[in-house]
Amino acid sequence: MAKVSVEQRIQAVQRYLNGDESMSEIAKDIGVTDRVVSDWIRRYQKNGVEAFLKSYTKYSADYKMNVLNFMN
């Protein structure tokens, strides 16, 4: 499966929501499965564009040290 950029994912979802193309057509064009496109659509409908933006959690140094100590 090809790596698909955030912009391509958003465009794929918009293509589907516009009703001009089927999920299968879009998936084939991009090089992913129907299920992947379906997941993108579901995530987009739930969270909008933010569904495709990477979210990084920020943990404090204390928290990280506590986790490491716990693991040891």
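Let me start with Tyr44, which is found in helix 3; helices here are DSSP runs of H or I with at least four residues, strands are runs of E with at least two, and both are numbered from the N terminus. This is a predicted model, in which local features need pLDDT of at least 70 and side-chain atom pairs count only at pLDDT 80 or more, while totals for chains, interfaces and linings use all residues. Residues are numbered from 1 along each chain as its sequence is written, and side-chain values use heavy atoms, with hydrogens and water left out.

Tyr44 is buried, with a relative accessible area of 18%. Buried means under 20% relative accessible area, exposed means over 50%, and partly exposed is in between, for a 1.4 Å probe and protein chains only. Leaving aside residues up to four places away in sequence, Tyr44 touches Val13, Gln14, Leu17, Val49, Ala51 and Phe52; contact means heavy atoms within 4.5 Å.

Now to Phe52. It lies in the loop between helix 3 and helix 4 (61-71), and Phe52 is buried, at a relative accessible area of 4%. Which residues does Phe52 touch, not counting those up to four places away in sequence? They are Val6, Arg9, Ile10, Val13, Trp40, Arg43 and Tyr44. Phe52 and Val6 are 46 residues apart along the chain, and their C-alpha atoms are separated by 6.0 Å.

Next, helix 1. Its 13 residues (residues 6-18) should span 18 Å at 1.5 Å a residue, and the end C-alpha atoms are 18 Å apart, which agrees; the expected span is 1.5 Å times one less than the number of residues. Ile10, Ala12 and Val13 are buried in helix 1. They cover an arc of only 160° around the axis, which puts them on the same side of helix 1; that arc is taken over the directions from the helix axis to the C-beta atoms. Glu7 and Asn18, on the other side of helix 1, are exposed. The buried residues of helix 1 pack against helix 2 and helix 3.

How do helix 1 and helix 3 meet? Their axes come within 10 Å and cross at roughly 90°. Axes are lines fitted to C-alpha atoms, for helices over the stretch in contact, and angles run from 0 to 180 degrees between N-to-C directions. Helix 1 and helix 3 are therefore roughly perpendicular to each other; the class covers 65 to 115 degrees, with under 35 roughly parallel, over 145 roughly antiparallel and the rest oblique. From helix 1, Arg9, Ala12, Val13, Gln14, Tyr16 and Leu17 meet Trp40, Ile41, Arg43, Tyr44 and Gln45 in helix 3.

Last, helix 2. Its buried residues are Ile26, Ala27 and Ile30. Seen down the axis, the buried residues of helix 2 fall within an arc of 100°, so they line one face of the helix. Lys28 and Asp29 are exposed on the other side of helix 2. The cover over the buried residues of helix 2 includes helix 1 and helix 3.

The axes of helix 2 (residues 23-30) and helix 3 (residues 34-47) come within 8 Å and cross at roughly 110°. That makes helix 2 roughly perpendicular to helix 3. Helix 2 contributes Met23, Ser24, Ala27 and Ile30 to the contact, and helix 3 contributes Asp34, Val37, Ser38, Trp40 and Ile41.
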